[in-house]
Protein chains: 6
Amino acid sequence: MIQRFDKLQTALPPPSEPDPAGAAIVQELLGGKFGEMSTFMNYTYQSFNFRSRQKARPFYDLVASIAGEEFGHIELVSTAINTMLTGAADGEAGRAEQLKAVRTSLNPQQFIAGGAGTLVQDSNGKPWNGDYVFSSGDLIEDLTHNFFLETGARNNKLKVYEAVDHPAARALTGYLLVRGGVHQVAYARALERLTGVDLMKRFPSPRIPTDKIPECQPHIEKGLHRTLYRFSPDDYREVTAVFNGPHPETGEDLVVAEEPMPEGAPPFDLPAQEAVFAPGADVEEIAQIAARLRDAAGLPKEPTGVVAQDNGGIIGKVKDAVT
Amino acid sequence: MIQRFDKLQTALPPPSEPDPAGAAIVQELLGGKFGEMSTFMNYTYQSFNFRSRQKARPFYDLVASIAGEEFGHIELVSTAINTMLTGAADGEAGRAEQLKAVRTSLNPQQFIAGGAGTLVQDSNGKPWNGDYVFSSGDLIEDLTHNFFLETGARNNKLKVYEAVDHPAARALTGYLLVRGGVHQVAYARALERLTGVDLMKRFPSPRIPTDKIPECQPHIEKGLHRTLYRFSPDDYREVTAVFNGPHPETGEDLVVAEEPMPEGAPPFDLPAQEAVFAPGADVEEIAQIAARLRDAAGLPKEPTGVVAQDNGGIIGKVKDAVT
Amino acid sequence: MIQRFDKLQTALPPPSEPDPAGAAIVQELLGGKFGEMSTFMNYTYQSFNFRSRQKARPFYDLVASIAGEEFGHIELVSTAINTMLTGAADGEAGRAEQLKAVRTSLNPQQFIAGGAGTLVQDSNGKPWNGDYVFSSGDLIEDLTHNFFLETGARNNKLKVYEAVDHPAARALTGYLLVRGGVHQVAYARALERLTGVDLMKRFPSPRIPTDKIPECQPHIEKGLHRTLYRFSPDDYREVTAVFNGPHPETGEDLVVAEEPMPEGAPPFDLPAQEAVFAPGADVEEIAQIAARLRDAAGLPKEPTGVVAQDNGGIIGKVKDAVT
Amino acid sequence: MIQRFDKLQTALPPPSEPDPAGAAIVQELLGGKFGEMSTFMNYTYQSFNFRSRQKARPFYDLVASIAGEEFGHIELVSTAINTMLTGAADGEAGRAEQLKAVRTSLNPQQFIAGGAGTLVQDSNGKPWNGDYVFSSGDLIEDLTHNFFLETGARNNKLKVYEAVDHPAARALTGYLLVRGGVHQVAYARALERLTGVDLMKRFPSPRIPTDKIPECQPHIEKGLHRTLYRFSPDDYREVTAVFNGPHPETGEDLVVAEEPMPEGAPPFDLPAQEAVFAPGADVEEIAQIAARLRDAAGLPKEPTGVVAQDNGGIIGKVKDAVT
Amino acid sequence: MIQRFDKLQTALPPPSEPDPAGAAIVQELLGGKFGEMSTFMNYTYQSFNFRSRQKARPFYDLVASIAGEEFGHIELVSTAINTMLTGAADGEAGRAEQLKAVRTSLNPQQFIAGGAGTLVQDSNGKPWNGDYVFSSGDLIEDLTHNFFLETGARNNKLKVYEAVDHPAARALTGYLLVRGGVHQVAYARALERLTGVDLMKRFPSPRIPTDKIPECQPHIEKGLHRTLYRFSPDDYREVTAVFNGPHPETGEDLVVAEEPMPEGAPPFDLPAQEAVFAPGADVEEIAQIAARLRDAAGLPKEPTGVVAQDNGGIIGKVKDAVT
Amino acid sequence: MIQRFDKLQTALPPPSEPDPAGAAIVQELLGGKFGEMSTFMNYTYQSFNFRSRQKARPFYDLVASIAGEEFGHIELVSTAINTMLTGAADGEAGRAEQLKAVRTSLNPQQFIAGGAGTLVQDSNGKPWNGDYVFSSGDLIEDLTHNFFLETGARNNKLKVYEAVDHPAARALTGYLLVRGGVHQVAYARALERLTGVDLMKRFPSPRIPTDKIPECQPHIEKGLHRTLYRFSPDDYREVTAVFNGPHPETGEDLVVAEEPMPEGAPPFDLPAQEAVFAPGADVEEIAQIAARLRDAAGLPKEPTGVVAQDNGGIIGKVKDAVT
């Protein structure tokens, strides 16, 4: 079972200039073979399918807890894509010539199937599929896969970082490179423990030091490059038996955080895109119904959910600019 | 973000007679178009992609919190499949004629790609794919989809219940029919709130009363047919504004539980299946390494994870019986 | 545009012993690469995409009219599959152990996704897809494809005939072999007209004379092996400019029928399969609603649709036998 | 069985400026999950698979007759796409630099696999597939699906209307919005009859009044928004028992037309695109062969097929303009 | 470029009892994600896509030459499957009840699409696809992939060995386990050279010593477990710079063979299966044409190709036995 | 078995201006339904699956030897694509704004999954799949397929020739048109021999004379349009019994070359693309390791592999130009 927290693992910037072509490329980090759907689902099913887990508990705990973090990564990538698409479908519902962004996008379905929103597809518009999950049940082999998967994921994140300039994409890849690096180390260390192979010599892989990337540095300064979270209030405590020793690049100690997860940050409340009817062709109608229901249920007038404050009003300005 | 709890939403029986053909059919409830991967991923991405969520907060909270429950459902279905496959790959690793179950299975990849384990596929061996996710951004349309999806899911669960006799499959479908029914009601009620259409006349759909199913009754007795959980420690409290009023079949009040989630039950620690190298061709080697690591990390001798106690020794007996 | 006629191109037998394994194999003739979906859709889209059709009218008319016949073929294959599945899901809705046929089927989704019904898949459970349509716009090339497609289709029909004994499958393949043979000749003749190549030497292909098959003979006796229908009340009359000359096997004249289509035969009204809720878990409830609506609309008490009379009561007997 | 009529359901404009990017987007309305292939094939297979149809005749007749109309819709979308591509491949066959449009298209296969023609794909170039067909056999569930499908289809048509300005796309979406709206109402009404749920409150869905769209108005003026055709000379007369009562938006009576289908309009004879060899690298060679065959068969010199007259000579002017 | 040699890498037994279910499972070793199509195509495209190959020549030569061997592996797996299917389609062409084996097969298309022959599919009937090719261009990453791929391939071969008893399957897996093991070592050694990681500690992986398998022993005795062939008359000589040092399991020296490839063995000339028209419904007609053409071309009366001699007449006996 | 030769069948030009959009289109000739993967794999599997090959030896030899040539064609197309992508990813590894070419490509995965390299996909980014292989076992039918496949391949090559101007694409299509034409003739002739049908009337098909294409002429002058190679040192000599008689367009004799294969040409050593880490983020590190290994193995200082000399320094100039 899980419990959700209505927060992102890290703050992302508010919408600015829309970038549909970039948003189509970032899809690779969501639904590509090496995207976050793959990391999330691989570790999740490996944990479900783990046999004789009591005897191998530290390894089970490792895989199961990293799975927990990966949910937050599909959430982050989706948020970045949605941020990049905001403003591209901001026209009047039901009027001709209001949705021209579709014509220049690499992925028209982000607008036609989605509501200027994330799809579970890669950068070529091909849907993620369940055969991307490798869950052989053989622990050494599953871990070998996971190390390879994280390495491919790091490769893809670096390339997207180089290719897409939108602030949301930069912030996203900066964060994911750091966290993905932790998982890469974790699986390498687990393999070392099981087989004796000194995989720490493999870092960094690809051979680009993470701290070379400016967008990674704030996270490294907080120690996020060497910290594993359990993403569980009380379970998975045996990860400490695997995730320890020196970090392969910095030599600092690897640590398992006391707290279950990072503090995180609230997401921005991305504005309606009425030309794609998200959340409707007339958002005020929905708002009024919601207000009535809230009132009837004895809830306060203001929504209880917390979202990021766009103090500088960037969201509003973008809306002005594009209309 | 999420946090995981190392427990199932409901107890499932321990392994008994293996049933590979049944396990291949139950895959439909995991990776089929109307399986739990679809419910989990649809609501998850709809929550990620939800625009103007502050104005529509009660609906956002509803979708987001049901997504949280669905993770537990992919966990349950996987556990049932793994339970049904236990004992079918129990032979000696690397010896001929030890894995004959593959020949009679409807899905050889459960043994060849998996380790007598769950795949992210349907009952025809076709992988689940991301285009099963409908996330148009249009709230009314997404909810219409969700009601339709839950109805199709209920249809499929009923048929699997009729078709597969293994105790794990029966316990699984009994529970999922009750919980899926709650979600079906929830989305119907949400649509009523938004459009005024009296969807409660649609229940039960398909037209088979849930309480006719013996395996559903214990859960109904606990009120699980009319209770929604938030699956969050503090968020998603505005579901109360939507999920209320009488249950369409019993007339009882729909309620949102105070506690974030059901108490749940620990899973059985499913035994190794060495003919498929799960968790290895020699599980004791892994056990010894784990013990050493645990010791070095100052962890207690006994694993800290909690699993179900197989007091009657059924797992052992099955192992005897099949060897 | 089209108009439908509620009749089959030829009579098929009523349900008898159910044969799920056979029904899964017959799917190849529906949704396989060389199945009737392929013939129907290829000729349909080739007709839609036909450029400069006035200059090439006889060829346009040929392709367009054969497309018309192929609709009747997807209808026939579906009817045969449904007939073969009748009786396999005849248990009580919502009760355990009522749907065991799924376990022995090669295609569980015929019962779980379908209602003991046809799917748009092949014999391996793979869905038909739009890239099976070849529509290059190059007339000679499209016709070459069509001749190849019909040859592959004849190959597949012969094999299914050899493999599946159910009376509905035998009747189906007997008819389709004759009609597919006509289309094979038609495309060969069209290519002869355009290129001068003597393709009549290619018949029969595969090298099995159609009249060797007992189930083909009644149709050959009626001349159906050398007759093309226009499947249009008034259009496509220029097929006569292409479809003429001697039949390659019998030497008889090829003819274009005066009447638009064969007389056909009404289908049997296949009985409900309540274990799969088709057309519902309780068919009488639907019947009563329909009766009321019919009455309110001033329609006669008896349904106006015509279905085949099962005078010998075979459908009922089968139902008795399987329950 | 069907009979074809060599006419479109409504007139579409002749080719003008070619628009390959737009044509790639319009593919969503043909081969997308909510495209016309889906509506056509869903209702067609539901009618084939309909069990106990005599007892449920009005519902059978409804599904079967709407299927008949949908054939005309795949025909219309294809014609629009082909119209939009006309002029983009108008160069000399076999010469370099004659087919540069491919480079700027979102779907190169429209030119490489097709002959500047329609493919059975969606706007991302993914082929339509048979698993888009939902045919559970459960009448209420199939109708729920159909209502959902029509709602999604309306959503997609509206977005394509907003995104693509080519006159053929505008005319197409204007017509389809009106006719799709009728089917949406028809399935909603059928569900009302079976379950008592007042679905008329759901209109319009998405929440954009159809009469707001200028391109819809001429069709609304003819009453096409409230008229169902049987698309059969004599069958499916019991639709009147379901399709009646007030239209949800206008309050006017829903009516079943006496005549089987609309009058329709002949298509334009789209000119050859020789750079893609459609209908050949040298169309005059084909024309001469056709003329000889026609002559030998005693057919008149002029083709007997009827096509739209391009009195203003727009097709020719476009050809001049693009060369 | 390549040149072909009409020989197998190792001898396989002649047909004996047909085993369609086993043949369907062996497909995993051909078209599965870890099958020989994947090894062949991965290394082939990695060699095509290898940039700056002069600077990295020993690694280029390694990948390119192993690709050469893998062609022989798809050939071997296909031959084994075809051998296992021989006798299952041995009936009279065009007669009912001659092809019943299709009904009990797990993959009906081996008979319907194929001629009792190999398909490019896996054990679930899913076609191999080009996205199984990983060719990132990053040498370390590609080699990491290749080591992982070979490990997964070894896992799958071991399971198929355990599951399928047919003599052809046993001989096949015995040989492939030895040769795949060489490639696994080769990629591990290459990674050691590039990164310094001691991967030899990973062997055997999965943890089953190859020499435990009786069918592997003859090949180990010939030294095939430690010998790499260049599969080129003169190129790829720099593999010696990478493939050297001790074998991780036996400590013997790894060697690069002087001769380009193993001696190999001629295949059996698998007999016609006339019920599936392979190579035709009447093989003697083809034989006579071939004889005439051979004669006209001045070729000897006996075919010049070399095939294995079935001295004991097993092929004939099987034919007798199954008819 | 095969042996590889590290040479291309014909010389291709060195890299010049990069052309990602063109490279995405050329993918159709690699991984499209009618691309070289299809020709290579179809003939390869048809040869593996060929039953009773001694009786039909000349036909077996024909199919098997053409398969051998097709390997060289996937090599050529890949080389052309890689050449066209060279220079598009030439920036500094790990720095923002270094990989902007991805944004304008039609296939972002050429950069993200590949290293500015070929993928096994078509021009829409859809992976090649094994169901493109037709291997029915029926000789006449397989040859019919092959003639159709080569005709479709010629169609696609002509269109790509018209659409893409890059020198590598022009050189590629010029060569492939000539060689594909030989295979088209070969299969047509084989069908003539088996059935008596005069297929030579079908040439050219599509109806564009090959010698009209300037890039084809040098190859025609060498006689490559009428010469078949065996692609085997000693086998497949019976092709002479089928491939003979006059060429359908020129009337010259068809000949089987004495030498096994054409002389060929070395490929250019395409330079590193460091922004995509091909062959690494720092190619000199790899070069040094390779040099050490070469030295330790007693190999000469200079790499032993032969690559084309870029005397004019075009590769270097391009690198200058794009940086």
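View 1. Chain A and chain C do not touch, and 15 Å separates their nearest C-alpha atoms. Contact here means heavy atoms within 4.5 Å. Chain B and chain F do not touch either; their nearest C-alpha atoms are also 15 Å apart.

**About the model.** This is a predicted model, in which local features need pLDDT of at least 70, side-chain atom pairs count only at pLDDT 80 or more, and totals for chains, interfaces and linings use all residues. Residues are numbered from 1 along each chain as its sequence is written, chains are lettered from A and ligands numbered from 1 in the order in which they are written, and side-chain values use heavy atoms, with hydrogens and water left out.

**View 2. Chain E and chain F are related by a rotation.** Chain F is superposed on chain E by a rotation of 180 degrees, with 0.0 Å of shift along the axis and an RMSD of 0.0 Å. The two copies are thus related as by a two-fold rotation axis. Within chain F, Asn129(F) comes closest to the axis, with its C-alpha at 2.0 Å. Of the interface residues of chain F, 100% are also interface residues in chain E, so the copies meet through the same surface.

**View 3. Chain C meets chain F.** A rotation of 180 degrees, with 0.0 Å of shift along its axis, superposes chain C on chain F (RMSD 0.0 Å). The same surface serves both copies, as 97% of the contact residues of chain C recur in chain F. Chain C gives 32 residues to the contact and chain F gives 31 residues. About 2,300 Å² is buried between them, and carbon and sulfur atoms give 56% of that area. Buried area is the accessible area (1.4 Å probe) that two parts lose on being put together, summed over both. On the chain C side, Glu141(C), Phe148(C) and Arg202(C) lose the most area to chain F, together 25% of what that side buries.

**View 4. Helix 3 of chain C meets helix 3 of chain D.** Met37(C), Phe40(C), Met41(C) and Tyr45(C) in helix 3 of chain C meet Met37(D), Phe40(D), Met41(D) and Tyr45(D) in helix 3 of chain D. These contact residues divide into eight nonpolar, no polar and no charged. Ala, Val, Leu, Ile, Met, Phe, Trp, Tyr, Cys and Pro count as nonpolar, Asp, Glu, Lys and Arg as charged, and the others, Gly among them, as polar. Helices (H or I, at least four residues) are DSSP runs, numbered from the N terminus.

Note on methods. Least-squares fit on C-alpha atoms with pLDDT ≥ 70 in both. Helix = DSSP H or I, 4+ residues; strand = E, 2+ residues; numbered from the N terminus.
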